[in-house]
Structure formats: C-alpha cells, structure tokens
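Here is a short briefing on a protein model. Start with the structure below, then take the points topic by topic.

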Amino acid sequence: MVKKLYLGLLFFFLYAPIIVLMVFSFNESRSGTVWTGFSLTWYEELFRDRRMQDAFRYTLLVAVISTAVSTFIGTFTAIGIQKLRPKWQAFALNVNYFPVINPEIVTAISLMMLYRSLRLDFGFATMLMSHIMFSIPYVILAVLPRLYALDKNLAEAAQDLGATPWQAIVKVIIPQIRPSIFTGALMAFTMSLDDFVISFFNSGGGVTNLSIEIYAMARRGIRPTVNALATLMVAVIFTVVLIANRISIRKAKS
Amino acid sequence: MDTKKLSYPYLVWITLTILVPMLLIFLYSIIEPGPEPLTFQFSLAHYLRALDGLHLQVLWGSFVIALASTAACLLIGYPAAWFISRLRARSQSQVILLLMMPMWINMLLRSYAWMTILSRNGILNSVLAFFGLPEQNLLYTDFAVILGMVYNFLPFMILPIYTAILKVDANLVDAARDLGASPGETFLKVIFPLSIPGIITGITMVFLPSMSSFVIPQLLGGGQFLMIGNLIERQYLLTGNWHFGSALAMLLMAFILLSVWLMKRFDPKSMDSGEGVIPW
Amino acid sequence: MKKLLGIALFVLTLAGCGNDGREQLFVYNWGEYMDPEAIRLFEDEFGVRVVYDTFDSNETMYQVLRAGTTQYDVVFPSDYKIERMISEGMLLPLDFDKLPNATHISENLLGLGFDPQNRYSVPYFWGTVGIVYDTKVVSGPVDSWSILWDEAYGGQIYMYDSQRDSLMVALKLLGYSLNTTDMDELAAARDLLIKQSPLVIAYVTDHVIMSMIAGNAALAVVYSGDAAFIMSENPNMNFAIPKEGTNLWVDAMVIPKGANNPDLAHAFINFMHRADIAEMNTRHVMYSTPNVLALEAVKGEVWADNFAYNPPREVLDGIPMEMFRDPGAYLEIYDRIWSEVLIGAR
C-alpha cells in the first residue's frame, strides 16, 4: 500500500511536466503557457517540417549507436579495470570521472580542438564519437560496483572447470551483472538524447540534433511542434511497454 | 588471455580523449600571452584571480546547491529504489524504463514545463485558486531550484541503488527475520550495508555533474543563482579568456576531488579498501 | 543475429540521406530566423542545396567560425560581432555589383559604426531594446528606464540575464554611453543594478517571451522584435522606448573568408532582399526588416503597426540611439560586474 502510494506520487512528480507539455502540443496558439483552444496544427506542421524530422533521425541514430558502442566498451573495460593493480585502477577511475566533473563547455571545446587537430570533418562522425566518449564513464560507473560485489571465485571456478577466460566472462560474469549493464545502457541512452553543448560544438555540415534545434529555437520561443514530437515519442514508448507487459503476462500464464 | 588487458584499449582511449585535452587545459591555466605575438609565459595570475572572494563565493554557492540536491535525491530515491526492487520481477525493468523516460524529453522543454506549472499565472496557482487556497510564488525560489535539480537527477540516484539492492538475497532477509531481527534491524544490519556501493555510485552520478550544471538553476532560479559552470562557460564563450576559464575549471576539479576524498574518509567501509566500494 | 541484422537495417534506413550532387551552400543563422519556404524557393530557383545550421548566440557562432569546423558561406552575426570579425580579418569584402537588391535597404541602416563603409555586411533584421509593460497593471506613461526602479512594481519586473543588455539599461538611465570604459561610470551602473535587485523577480533570457505572454510580470526589458510577438499574442501588453536612449542593433549577412562558394553566397544574400522574400521572412520572424519594399508591404498588419516593429521616424530621431561596439578586453570587466550584480542580488 505504502509502496504503491509512494511510487504513484513519484511517477506523478516525474510525469507532471511531461503531461503539461503534451497538453500544450494540442494548443492552438504558439504559446507554451496560455491555453487558447484545441488544434492539431502543430502535428500537421511536424509532418511537414523536414528539418525537425532530420534532427529527430540524427538524434535517434546517434543515441542508438552510441549506447550500443559505449555499453559494449564500458562493460568490458570495467571487467578489465577491476583486474588491474590498485594504483592503475585508481588512475583509470579518476580519469574516468573527468568528463562527469567537467562543465560541458570544457569537454566540448577540448574535443573540438582534438578533432580539429586531427583534421576530421565535422558532422555525424564527430558527434557520434563525442557521445560515445561522454557515455562510457556512466556505463563504467554503473557496472563496476556490481562487479566488485561479484564472488571472485566464480570466474576462477569456471576456469578451473576448463572454461577459457573469454568463456568465463561471457558465460559467468556477464549474466551476473546483466541488470547493471541494462542500467548503464539506459543512462548512456539518456545522456545522449539530452546533450546540447557537446553536440553543438562537435557537429556541423547540416548535421543537427533535436537539442541543437530546440536551443536555437528557444530565443524566439519554442514552437509546439517540438511538443508534438515529444508527445508522439512518449505515446510510442508507452505502447511498446504496455505490449511487452501483456506479452510477459501471457508467457507467465502459459 | 589476461582479463585485465580488456581495459587497455580504453586506457589508451581516455588518455587520448580525456587526459591529453585535460593537460592542455591545465597548460592553458598556467600560461598567458607573452609580449610578442604567439609567445607564452608561465603565470599563476589566473589562479590568483580565480581564488578571489567573488569566485569562491560562486563555487561555494554551487557546492551548497549540488549538496542539497544530492541529499534530496538520496532521501527520495532510496525508498523508491527499495519499493521498485520489491515489485514483481517482470514489471521491474518496465518500471525502470518508465522512470528514465521523462529524461528523454529535452531538458529545456522539461524546465519550461516546470516554469509553466510554478509561475504566477501558472497551473499550480490555478489549481490552488480553484480550491480557494492562497496563491503561492514558488518560481524563482530556492525551492524551485532544488525541485528542478532533483527532477533532473533523481533517476541517476535511483538506478544504481536499485541495482545494488537487487542483489540482496531474499533468503538473507528471511534468515535475519527468522533469527529474531525486527524489520528495522534487518534493514539497518542486512539490507542497508549491502546497498552502500549503490548509494556511493548514486551520489557520484548526481553530485559530480550537478556541481557544474547551471541551466536549471538559471531558469528556475530566475538567474539569481550564479553557478560555477555558468562562470566557466562565460569565460570560454563570452569573454574569450580561455586561460582564466581553464583555471576556474581546474579549481572546480580540485574542489570536487577534495570533497570526494573527504567523503571517502568518512566512509568506514572504504578504509579497508574493501568490498564493493569504488577505489579512489 | 537476426536482432543485430534488424538493428543494422534500421540504422541504414535512418542514415539514408546524403548529397545528391547538387552544388551546396552552407548557411549559418540564428534559430527561427528565416522562413523555411524562402530557403526552399532559393534551392529551386538556383538548383542548389542549402545546408542550413543554426546557432543560439553570437558567442557560440563566433567560436565555431574561429575553429573552422564547417566552412560556411553565409553567416548572420550581430553588429558588434561583425566589427570584431572585420578587425580580425575573418570576413570577405562584398561585391555590390552582385547585390542589386541591396538598394532596397533603408538608408538609416547603412553606414553604421560596425561597418562604416558597408563593405562587409548587408543588414538582415534590426531593432531596438525597450520596455514591454502590462497596460492593466502599469498606470501612467512609460517613457523612462526609471520605472524599472519604481518600488510600486516590486516583484513585477523582469531584467535581462545578460551583462551588456542589463548594464545598458543602468548606463543609459545614468546618462552614460553604453560602450563606456570609465570605471567610475561602470561602478555607478553596477550599484544602481544592485539597488534595483530587490524589485526584480528574475533575470531571464529567452523565456521572457512566454512569461510576458502569460502576463507573469508587469514590466520587462525586451528586444523589439520579441516585443512585437508578445503584443500580437497578448493585447494587454505594450512597448515603449525610454527617452534616455537605448541600444540600436542590426543583424546582418556576411561572407566569411574561406567560403567555398562566394558567388552563390552573393546570390543568396541578394535573394534575401528580393521584395517578396524579405516580406516572407519578416512576416515569419516578426523582426523589423531593413528592406523598404517589404516594410511597405506589411504596413497595416496588426503585428507590424506598432512602436516595436516600426517606430515612427520622429520617435527614433528624438531618442538617442547607440550601438554596441566591440568592447575588446573590457568584456572581462563587464563580465565581472555582472557577476557582482548577480551575487549582490542574492
């Protein structure tokens, strides 16, 4: 009872502003603060707005790839780090914290200078690399505590029984830390979707993402087409979760 | 194959993408343009400037807000993580997903929505007026700033704690109860200690980035909360003095590493460089 | 394996857009500062592709140009930034033989301090900074910045969270130049702003537009183009340019050195001042156009028929206007003063 009430309140808190911006996606006027009447104008505009659609595709593409890559690298790195000598562990972890500590502008500018000195073309690739770079620390942070808590004898036992170290990792360690890998991936995905400053300085050539569009738009007031897009996103995810839930219930029953 | 070699590629990678740029920023912070064009000379002037009262005041203000936000996230997030871990196994990952989903909507959009809720002619006041309650001016207050920060960082506290609690064996809890421990004792002696690694990760993930974030305090605090992240960004973009900006960034980094080191000193578990604690 | 294949396919479809062999023009503009239809028309007429990126401030734009991450052909900076870019040799002199439509630009907006000979820039939009006020709350005439220090409106005032814009207000009220480098004058302006701070409900940025439309405050310092938008959405709001003077600003089109396609860039700038295109843009953006033909075409429109969009000649002549100049090293002093004001406001 307490559990349901607490989680209910928590989700109300988390979704209150989301509901507000969803409601205003149906607003007639451009204002995100005053309700003037129901309309689907912004949805129509969204389907005409090529720029917004491109930004959305790039956003999703970068988020999906950077999550996959950073989760992969982050997980295996964490497994490796844990085996390093303590001094090197401390070094790796401290450096790992830098992008988390640093103001985004510092990371953004230093990456921009790095790519510039490597004579890279700014665009999709540089944006993607930056996202991978700032996501990995979060994956490592998420995976590591669970690795430390793992029974150290487990992997050794597996190897004693004839498993190669690789098999021990894939068959024994990874299944044990799966929830924290999931958590790390979720965080990487979230960091990627929400980033503005680093993306701004490390993209170009017509490659943009939703954050860049939204921040640039903010000066004249954000158009509710963005709200419409957010509403569709939330609706799609909710539907998927609901269906997944149904399927798992059915599976549990049969 | 040696497992630790798995970390080598990343060590090379962070050396290139993090350490080298950081060294450059450090270098920037200790030099200034020399008398001739394109010459540089060693100088500590930027640090002296960074350490003056005004900037320390800004740094302290950011620390207080980050600390308050982290504490609030922990207080709200711990029970949440606990309750989620007690849900039916198959709905847990879906609840976690739904917990994270609001963060997928752009931060600016979410903050604006909060402003629409909290502002003088906003939604909250309309609801209060409907029930005949007095109007509240919540926007542009300390409360609004902390609320915005908690809103933005809460999932990063809940998730690590949840994964830590998840591994607490239900049998362990039952055993404690069978041996006569009260629910309170069971929690304090069995569950809480096992969730400490999650708490530490959570604090790290909330405290570190919130020290340098400034958009939320700027919007919900009405610009009256000057944050160190804002000060640094202004040096890089507005004044174009990267030397001073770099000195401020190094100061921030030193300050955070120091406070984390202090936190570690007060954490008895890490004394024996022990189980489940991130080594520093 | 199937899953992986699925993801790979998904990724490929998402990535499936690229260059189709048409000539390309790289344009870098403020967000929401051009009708997308104007770009489409240009692409159709010239058979080219416009690669369009947006920025959110002069400062971020400047850093990107300095780093040269993308070689842009046409950029839209503001006056003081153009002055800086000219002095640093970042801009290409324009060839006005290729810009016949530049003759449509009002003479009042030519020969201004940032580009005195009009060699490097063609004005795109312009405006002033003034006070937007709620006529239902504010009684009496609004004609002076001093109303922002009137205790009757305590807790009802929005200031701008920007060093130069807020300092400008205090400096003008004190009768000083908004480009002053006199430390005593700057200190006086700082003290005046700190004295004002208890009356200020918030130092805002972009959100002032939505907040004033919602009527969350009685008075706000606002750019004229935004004021025109606020007034068109909330009829209770009005705009005034204080008699002590204000900032006159111009955003203009320039061609950076190293542009890949200067000819096409000239064609683009020229296209922007064709009467119908200039009209299309000013209707879309609601900022004041320097193009006299476009201005004539929108006369009588509700949003254009006001002080903010089209201040009458006699008003402009009666009020001392000044433009921001590139402050050079003084930026750091302004920055420090602004930090002191915000800390003092707490």
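Two strands pair if DSSP finds at least two bridges between them. Helices (H or I, at least four residues) and strands (E, at least two) are DSSP runs, numbered from the N terminus. This is a predicted model: local features need pLDDT of at least 70, side-chain atom pairs count only at pLDDT 80 or more, and totals for chains, interfaces and linings use all residues. Residues are numbered from 1 along each chain as its sequence is written, while chains are lettered from A and ligands numbered from 1 in the order in which they are written.

**Strand β5 of chain C and its partners**
- Strand β5(C) covers residues 129–134, and five of its six residues are buried, so the rest of the structure largely encloses this strand. A residue is buried if 20 or more other C-beta atoms lie within 10 Å of its own, exposed if 12 or fewer, and partly exposed in between; C-beta atoms are placed from the backbone.
- β5(C) runs antiparallel to strand β8 (residues 219–223) of chain C, and five bridges join them. C:V129 faces C:Y223 of β8(C) as its opposite residue.
- β5(C) also pairs with strand β9 (residues 237–240) of chain C, antiparallel, over four bridges. Here C:I131 stands opposite C:A240 in β9(C).
- Strands of a sheet pair through backbone hydrogen bonds, either parallel or antiparallel.

**The parallel sheet of chain C**
- Three strands of chain C form an open sheet in the order β2-β1-β3, with parallel pairing. Its edge strands are β2 and β3 (74–75), each pairing on one side only.
- Eight bridges link strand β1 (residues 23–30) of chain C to β2(C) in the parallel sense. C:Q24 has C:R49 of β2(C) as its bridge partner.

**Chain C as a whole**
- Chain C has 13 helices and twelve strands. Its radius of gyration is 22 Å, close to the 20 Å of the globule rule for 346 residues, so chain C is as compact as a globular protein of that length. The radius is taken over C-alpha atoms; the rule is 2.2 Å times the number of residues to the power 0.38.
- Its C-alpha atoms fill a box of roughly 65 × 60 × 45 Å along the principal axes.
- Buried residues account for 48% of the 346 in chain C.

**Domains of chain C**
- The domain assignment gives domain 1 (2–126 + 250–297) and domain 2 (129–247 + 312–345). Such bounds come from an automatic or database domain assignment.
- The C-alpha centres of the two domains of chain C are 29 Å apart.
- Eleven residues of domain 1 are in contact with eight of domain 2 in chain C. Contact means that the C-beta atoms of two residues, placed from the backbone, lie within 7 Å.
- Helix α4 (residues 79–87) of chain C gives the most to the domain 1 side, with four residues.

**Where chain C touches chain A**
- 24 residues of chain C are in contact with 29 residues of chain A.
- On the chain C side, α1 (2–15), β2 (48–55), α3 (58–67) and α7 (208–213) each give two or more residues. β2(C) gives the most, with five.

**Chain B**
- Chain B has 13 helices and two strands.
- Its C-alpha trace spans about 80 × 70 × 30 Å along its principal axes.
- Of the 280 residues in chain B, 49% are buried.
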